[in-house]
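Please open the structure in a viewer and keep the sequence panel beside it.

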Amino acid sequence: MAESKVKKAGAKPESHLAMVRRARRINRELAEVYPYAHPELDFRNPFELLVATVLSAQTTDLRVNQTTPALFAAYPTPEDMAGADPEALEKIIRPTGFFRAKAKSLLGLSQALRDNFGGEVPGRIEDLVTLPGVGRKTANVVLGNAFGVPGITVDTHFGRLVRRWKWTEQEDPEKVEAEICAIFPKSEWTMLSHRVVFHGRRICHSRKPACGACPIAPLCPAYGEGETDPEKAAKLLKYEKGGQPGQRLSPPPDYPGLPAPARPAAADA
């Protein structure tokens, strides 16, 4: 049975240097576990990724992916979306929840792109965060995955895992971002974000992590908070680790799992 090497250290506190070394080793091992880690939102261009990321708040990427084909068929460009009828827009995005607030953000950001940026999504964080409904998390998603600009994306999964691993004690996303950026080289920031989120969704769950099936258990100070029995832990695995579909309708070619279902289940409609 795996046992955390961090816990074995006993009463002696872990030094900052030791934490940095452990963090970088976790990143290397996650890179071997998830070489195919990627954004789990379907998109074909920066505008689609920006819109999908705004819609992803308080819902699953799967639900967004099931909603955006109709959305982008109706409004393929910022100019098209800027002129959308609010009620028609709300009706399309309703399955993602908080649809009135999200529709207001989509209309606002589309109008800003049309009026201030020539209908193009800007490639600078300073510009992106001026758009309605766009904060640093959304901006870093767009920059890292549509423009190749490195960034740390501090979503719910990322924040809880880096705190669970004792990389930071911060709760504020911007402070978390700053502290994690200081641990890793800039070239790792975007892929690190994907790997941590993948691990959080598949193995290191919030309420019942699958500790007994975790490949980085020996490096985890929180080992034992979840199920440690390997057979029981294996039953907790999700998505491709559990033999189930992922969240993307159109996953990358190297994704080892199954595409997500194109339509919501009847119970969720």
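Begin by selecting glutamine 58, which counts as exposed because its relative accessibility is 68%; exposed means over 50% relative accessible area, buried under 20% and partly exposed in between, with a 1.4 Å probe and protein chains only. Glutamine 58 is placed in the loop between H3 and helix H4 (61–74); helices (H or I, at least four residues) and strands (E, at least two) are DSSP runs, numbered from the N terminus. Its phi is near 60°, a positive value in a residue other than glycine.

Before going further, note that this is a predicted model, in which local features need pLDDT of at least 70 and side-chain atom pairs count only at pLDDT 80 or more, while totals for chains, interfaces and linings use all residues. Residues are numbered from 1 along each chain as its sequence is written, and side-chain values use heavy atoms, with hydrogens and water left out.

**Colour by confidence**

Colour the chain by pLDDT, the predictor's confidence in each residue, from 0 to 100. The protein chain has a mean pLDDT of 94, and 94% of its residues reach 70 or more. Now select residues 265–269, where pLDDT stays under 50 and the model has one contact beyond four places in sequence; contact means heavy atoms within 4.5 Å. Where pLDDT is low, the predicted coordinates should not be read in detail.

Select threonine 53 in helix H3 (residues 46–55). Threonine 53 has a relative accessible area of 4% and is therefore buried. Its side chain reaches the backbone oxygen of leucine 49 at 2.7 Å. Beyond its neighbours within four places in sequence, threonine 53 is in contact with Leu41, Thr138 and Val141.

Next, move to tyrosine 239, in the segment after helix H13 (230–234). The phi of tyrosine 239 is near 55°, a positive value in a residue other than glycine.

**Aromatic pairs**

How many aromatic pairs does a search of the whole structure find? The search finds seven; rings of Phe, Tyr and Trp (its six-membered ring) pair if their centres lie within 6.5 Å, with planes under 30 degrees apart counted as stacked, over 60 as edge-to-face and the rest as tilted. Select tyrosine 34 and tyrosine 36: their ring centres are 6.4 Å apart and their planes stand at 85°, so this pair is edge-to-face. Tyrosine 34 counts as buried, at 0% relative accessibility, and tyrosine 36 likewise counts as buried, at 8%. For tryptophan 165 and tryptophan 167, the ring centres are 5.0 Å apart and the planes at 50°, so the pair is tilted. Both tryptophan 165 and tryptophan 167 are buried.

Now extend the selection to Tyr34, Tyr36, Phe198 and Tyr255, which form one aromatic cluster. Over the face of phenylalanine 198 lies arginine 202, at 3.7 Å from the ring centre; a charge sits over a ring if NZ of Lys or CZ of Arg is within 6 Å of the ring centre and within 35 degrees of the ring normal.

**The nonpolar cores**

The largest nonpolar core has 41 residues, of which Phe158, Trp165, Trp167 and Ile180 touch the most other members. A nonpolar core is a set of buried Ala, Val, Leu, Ile, Met, Phe, Trp, Tyr and Cys residues joined through side-chain atoms within 4.5 Å. Display helix H2 (16–33), helix H10 (156–164), helix H11 (173–183) and helix H12 (189–202), the elements that give two or more residues to this core. H2 provides its largest share, six residues. A second, separate core of 32 residues includes Phe72, Phe99, Ile125 and Ala139.

Select histidine 194, which lies in helix H12 and is buried, with a relative accessible area of 11%. Its side chain makes a polar contact with the side chain of asparagine 145 (2.7 Å); a polar contact is a pair of N or O atoms within 3.5 Å, where within protein one must be able to donate a hydrogen and the other to accept it, and residues adjacent in sequence count only if both atoms are side-chain atoms.
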